[in-house]
Amino acid sequence: MAEIFYSDTTAQLLERKVVVLTGGAQGIGAATVTLLHELGSHVFFGDWSQEHGHKLEQDLLAKGSANGGSVHFRQLDVRNYQAQLALFDAAHAQHGRVDAAISCAAVSEPGGWFEPQDLNLDTVRNEPTPITASVEINLTSVIHFTRLALAYMKPTTSLPPSSPFSKSITLISSIAGISPAPGLFSYSSAKHGIIGLTRALAPWAPVKYSIRANAICPWATDTQLLAGVKARWTAEKMPLNAPADVARYIVQCAADDGLNGKAVLVAGGRGFDTEEGIETTLGVWMGEENAVAFQRGQEILGLGDSWTNDESGKTR
C-alpha cells in the first residue's frame with residue numbers, strides 16, 4: 001500500500017484559490033479551514049453550529065493570513081439543499097469561481113435503534129427518524145454537495161497547459177467506510193457510500209468536468225466522535241490522529257493534480273492509498289479469471305453514457 005506524503009510546496013498551490021467547505025466549525029473541518037486560511041485560500045465554510053462557526057471565523061480574521069487568505073462562515077444544515085447552494089453562491093458571487101470543494105460534515109451513529117435492549121416488536125413500530133437524518137447528513141447531503149461542486153467548478157475557460165493546479169472534490173469517509181464497523185449501522189453504510197461515490201467520480205469527473213475526486217478515510221482521530229473510547233485507546237498506545245494531521249491530507253488531495261480516485265487511510269498521522277491495495281490484489285480476492293473478465297467488463301461499460309439511463313431518466 002503506497003504511502004502518501006504531505007508537501008508544503010504542493011499545498012501552497014491553494015494560495016488565493018477559492019474553497020467551499022461544509023462541516024467546518026469543529027474537529028477535522030475546523031483544522032482544515034485553519035490550514036487553508038494559513039495557506040492563503042479564500043475559504044467559504046458552513047456548519048450547523050453558529051456558535052463554533054462564528055468563533056472560528058472571528059479567531060482567524062483576528063489572526064490574519066500572511067499569504068492573503070480570507071474566511072467566510074455561513075450557518076447551514078447540509079440536509080437543506082438550498083443552504084448548500086447558497087454557500088457555493090456566496091463564493092462564486094465574490095470571486096467568480098470555485099477551485100476546490102471539501103465535504104467534512106458528519107454526525108455519529110444514533111443510539112437506541114438496533115440494541116437488543118431497545119428493539120422489540122413494540123418499539124420496532126416507531127419509525128427510526130434519527131437513522132434517516134444520519135444517512136441524510138452523512139451521505140445524501142454529500143451527493144448533493146458533489147453535484148453542486150461539479151456545476152460551480154465546471155470549466156468555462158481552460159487553465160494553461162503548464163498549470164500545476166487542477167480543480168478537485170475531496171470527500172471525508174472513514175476507516176468505517178473500508179472495514180467492518182460493528183454497531184455503526186447507518187454511519188458505516190454512509191461512509192461506504194462515500195467510497196462508492198468517489199469510485200464513481202474518479203474515472204468520470206476528470207473526463208466530463210476536468211475535476212479530480214478523492215476520499216479521506218481517517219482512523220481514530222482526537223475529536224468529539226472518539227470521546228467514548230479515547231481513554232482506553234491512548235492507554236493501549238494505539239495510533240491516534242490529531243485533526244490537523246487529517247487536514248493536511250485533505251489539503252494534499254485538494255492541491256495535488258496527481259491524486260485522483262484515492263481513498264486515503266490516515267492512521268497515526270500518516271496517509272496510505274487503500275485503493276491501490278485493492279487494485280493490485282484484484283486477482284487474489286476476486287480470482288484471476290474473474291479479475292480478467294471484470295477488467296474487460298469495465299472497458300465495455302466505459303463511462304456509462306450508453307447504458308446507465310434510458311430516455312425517461314430511469315436506470316435500466
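Q: Within what distance must a pair of N or O atoms lie to count as a polar contact?
A: The structure is a predicted model. Within protein, a polar contact requires that one of the two N or O atoms be able to donate a hydrogen and the other to accept it. The pair must also lie within 3.5 Å.

Q: Which residue has its backbone nitrogen 2.7 Å from a polar atom of the side chain of Asp99?
A: The limit for a polar contact is 3.5 Å. The side chain of Asp99 has a polar atom 2.7 Å from a backbone nitrogen. That nitrogen belongs to Val18.

Q: With the side chain of which residue does the side chain of Asp99 make a polar contact?
A: Asp99 is placed in the loop between α4 (81-95) and β5 (100-103). Its side chain makes a polar contact at 2.9 Å with another side chain. The partner is Arg97.

Q: Is Asp99 buried or exposed?
A: Beyond four places in sequence, Asp99 touches Lys17, Val18, Met153, Phe165, Lys167 and Ser168. The relative accessible area of Asp99 is 4%. A residue is classed as buried under 20%, so the class of Asp99 is buried.

Q: How far apart in space are the C-alpha atoms of Arg248 and Ala11?
A: Arg248 belongs to helix α9 (residues 243-255) and, at 29% relative accessibility, is partly exposed. With residues up to four places away in sequence left aside, Arg248 touches Tyr6 and Leu35. In sequence, Arg248 and Ala11 are 237 residues apart, whereas the distance between their C-alpha atoms is 8.4 Å.

Q: What span should the 14 residues of helix α12 have at 1.5 Å a residue?
A: Helix α12 covers residues 288-301, and Gly302, with a positive phi near 60°, follows. The expected span is 1.5 Å times one less than the number of residues.

Q: Which element gives the largest share of the lining of the largest pocket?
A: The largest pocket holds about 1,100 Å³ of space. Its lining has 43 residues, and those nearest the centre are Ser108, Tyr187, Thr223, Leu225 and Leu226. The elements that contribute two or more residues are α2 (27-39), β3 (42-47) and α6 (185-201). The largest share, three residues, comes from α2.

Q: How much space lies in the second largest pocket?
A: This pocket is lined by 29 residues, with Arg199, Ala200, Pro203, Phe294 and Gln298 nearest its centre. At least two lining residues come from each of α6, α10 (274-280), α11 (282-286) and α12. By class, the lining comprises 13 nonpolar, eight polar and eight charged residues. The space in the second largest pocket is about 930 Å³.

Q: What is the relative accessibility of Arg16?
A: Most residues other than glycine have a negative phi. Arg16, in the loop between α1 (8-11) and β2 (18-22), has a positive phi near 65°. Arg16 counts as partly exposed because its relative accessibility is 45%.

Q: Is Lys237 buried or exposed?
A: Lys237 is found in the loop between α8 (230-235) and α9, and its phi is positive, near 55°. The relative accessible area of Lys237 is 74%. Over 50% the class is exposed, so Lys237 is exposed.

Methods: Residues numbered from 1 in each chain as written. Predicted model: local features only at pLDDT ≥ 70, side-chain atom pairs only at ≥ 80, totals over all residues. Heavy atoms only, no water. Helix = DSSP H or I, 4+ residues; strand = E, 2+ residues; numbered from the N terminus. Buried < 20%, exposed > 50% of the residue type's maximum accessible area, 1.4 Å probe, protein only. Contact = heavy atoms within 4.5 Å. 1 Å grid on protein atoms, 1.4 Å probe; cavity = no way out; pocket = protein on both sides within 12 Å on 5 of 7 lines; lining within 4 Å. Points joined across faces, edges and corners; volume = space filled by probe spheres on them. Nonpolar A, V, L, I, M, F, W, Y, C, P; charged D, E, K, R; others polar.
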